[in-house]
Amino acid sequence: MTPPLLTITDVAVELPTPRGILRAVDDVDLSLQAGRTLGIVGESGCGKTMLSRAILQLLPKKAKLSGRVMFDGQDLVQLAPESLRRLRARDLAVVFQDPMTSLNPVLTIGTQLMETLQEHLELDTPAARKRSIELLAAVGIPAPEQRLAQYPHQCSGGMRQRIAIAIALSCEPKLLIADEPTTALDVTIQAQILDLLAREQRRRHMAMIIITHDLGVVAGRADEVAVMYAGRVVERAPTPMLFKRMHMPYTEALLAAIPKLETAPHTPLPAISGRPPDPTRPLKGCSFAPRCRYATSRCREAKPELTSAEMADHLYACFHPIKMAEGIGA
Amino acid sequence: MLNFVARRLLAILPVLLAVSLLTFLIASLLPGDLAMVILGDQATPENVAALRHDMGLDQPLWWRYLSWLGHVLQGDLGRSFRTGQTVLQAVGERIPVSLELMLMAEFIGLLIGVPLAIACAARAGGAFDRFMTGSAFAMLSMPSFLLAILLIYLFAVELHWLPATGYVPFTEEPLANLRFFVLPALTLALAEWPGIMRVLRSDMIATLQEDYIALAKAKGLKPSRILFVHALKPSSLTLVTVTGINIGRLLGGTLIVESIFALPGIGRLLVGAIYTRDLVILQGVVLLVACGFVIVNFIVDMLYAVLDPRIRHGHA
């Protein structure tokens, strides 16, 4: 098997806050093969966005990053700023959550597309213009030529996210990180954007990381899913395996919290009670123990490691993994 | 865009009318009768009454305002009773001095303030940023007459590089003219740059936190392009406002600097008119300066639209 495109080892991110050091990402290991899709799922504040920023080397200045981010044979953490800059867009691209704020309001769409092409692909202006029009057409924007002269505020939210995707795809990256790409959009647009990302990924044989709080988003689209809780990966498995038999009580609770069509109206949603632990005050035991209905004294005393039992590629961090029979119905 | 310009132009008219009314009232309601001032202490009441009648001062206030406004609209702002000069002549003589001083001062102020602001914002909280923020504060608290004297001492008395005081028109001796303007412009600029720097610095710091700056970095653009293209333009709205206000203020003359450096600018014309109770000159000059201010602000509004397309399209 070829070496993975991305391997991150022992990645931790610490942020200084007035209340103490916040360990936003806590020793995460992940890897991703070229052309594959990894879904990272977790509730707000679980560290998934910080993890994506750590991979992209776009953490806030005050944040402390440790560990290794091996991408295409190079450790991005150690890479000189200029080498890192040359690698961006060509190899490593990103789509942010909110298309209302991720495009520059005072530059035309054409400028924002063409500057990336001209910076990395050494195209002259007419060539960059032609390529920009092709890109906008590829992401499903009608009348792309007229759009070039327009500003972001003249486009709808879904349109803007398509433009952001066109920018991300412009230099044919090997890896695209989509950080909650549909959270800020209308429900009707969400599926279109996800399908667009999946289609372009297959066409370009590009690896992709989709970050989301919605297990439903990764269900049919990711090859592998990593579930994060309180800065750690608590369960990781190929997608079909994860949905067939999840081991981690948190994953189960996350899935149970998705509203289902067949549920009778006015049935209370089985929300996860309690709140995630305060990341500035780490717990001694399993960080999900206070909210977990299977927790025992052992869970409060020691932290379970991310291990696998019967299946080598199904990892989970739990002393009391859920057995098949008790499965999803929770 | 044309629609936007037309709307702004229309909004100016009532402002100008209010300005003219205020200027007229200031001059008319000042204590002291113009006829008495002209005729002096020895005048008989009959002479004063006769002159008042000739000048229309016995008419009601609203009638005098309307007739003055009528003349102003035809380009006749009146004539000094002392020198016989018309207001336009007097201002025409002085405005090149004030304009040149203003342009040089703003140019130097921006030349110092803008790069410093960008450098500070790029490494906000760093040693350079803290040092410059402190220096700017120290500079702001220094009065201009003190700066002027220090500059004269250093560059004119000690180093003999530049003349201390004086003026020749640009059309006669361009180089000497510029040399005369360096020190007064520098004095004003040294008071201008701290404000320019602080405003732009804080706006830049806020802009650099934006998602679109993170995306610009993720696109692998050069740091200089991120700072100058992606961050500077959306950060410069307050800077443009502050510069507009500065320009307007400097247009109205800078009495202290003009006095110290013996420059015949608008400031000294105005104060002279006040001392000699030359009310025609006073109200004419105040009106012209106020109009200048309104025009500068109109240009500032236009610049907003150039800088931010959302304003141009009426979205913000």
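1. How many residues make up the hairpin that joins strand 1 of chain A to strand 2 of chain A? The joining stretch has two residues. The model discussed here is a predicted one. Strand 1 covers residues 6-17 of chain A, and strand 2 covers residues 20-32 of chain A. The two strands run antiparallel and are joined by nine bridges. Within this pairing, Val13(A) lies opposite Val25(A) of strand 2.

2. Strand 1 of chain A also pairs with strand 4 of chain A, which spans residues 64-71. This pairing is antiparallel too, with seven bridges. Here Thr9(A) has Arg68(A) of strand 4 as its bridge partner.

3. The largest nonpolar core holds 97 residues, and the members that touch the most others are Val227(A) and Val234(A). Helix 7 of chain A, residues 157-169, contributes the most to this core, giving eight residues.

4. The contacts of Val227(A) can be listed, leaving aside neighbours within four places in sequence. They are Val41(A), Gly42(A), Val233(A), Val234(A), Glu235(A), Met248(A), Tyr250(A), Thr251(A) and Leu254(A). There is also a second, separate core of 60 residues. Among its members are Ala121(B), Leu200(B), Met204(B) and Ile281(B).

5. Is Leu101(B) buried or exposed? Leu101(B) has 26 C-beta neighbours inside 10 Å, and 20 or more are needed, so Leu101(B) counts as buried. This residue sits in helix 5 of chain B, which spans residues 87-122. Not counting residues up to four places away in sequence, Leu101(B) touches Phe181(B), Pro184(B), Ala185(B), Leu250(B), Thr254(B), Leu263(B) and Gly265(B). Leu101(B) and Val257(B) are 156 residues apart in sequence, while their C-alpha atoms are 9.9 Å apart in space.

6. Between the two chains, 18 residues of chain B are in contact with 23 residues of chain A. On the chain B side, the elements that give two or more residues are helix 9 (211-218), helix 10 (223-235) and helix 15 (309-312). Helix 9 of chain B gives the most, with six residues. By class, the side of chain B that touches chain A has eight nonpolar, three polar and seven charged residues.

Terms used. Residues numbered from 1 in each chain as written. Chains lettered and ligands numbered in written order. Predicted model: local features only at pLDDT ≥ 70, side-chain atom pairs only at ≥ 80, totals over all residues. Pairing = 2+ DSSP bridges. Helix = DSSP H or I, 4+ residues; strand = E, 2+ residues; numbered from the N terminus. Core = buried A, V, L, I, M, F, W, Y, C linked by C-beta atoms within 7 Å. Buried ≥ 20, exposed ≤ 12 C-beta atoms within 10 Å, placed from the backbone. Contact = placed C-beta atoms within 7 Å. Nonpolar A, V, L, I, M, F, W, Y, C, P; charged D, E, K, R; others polar.
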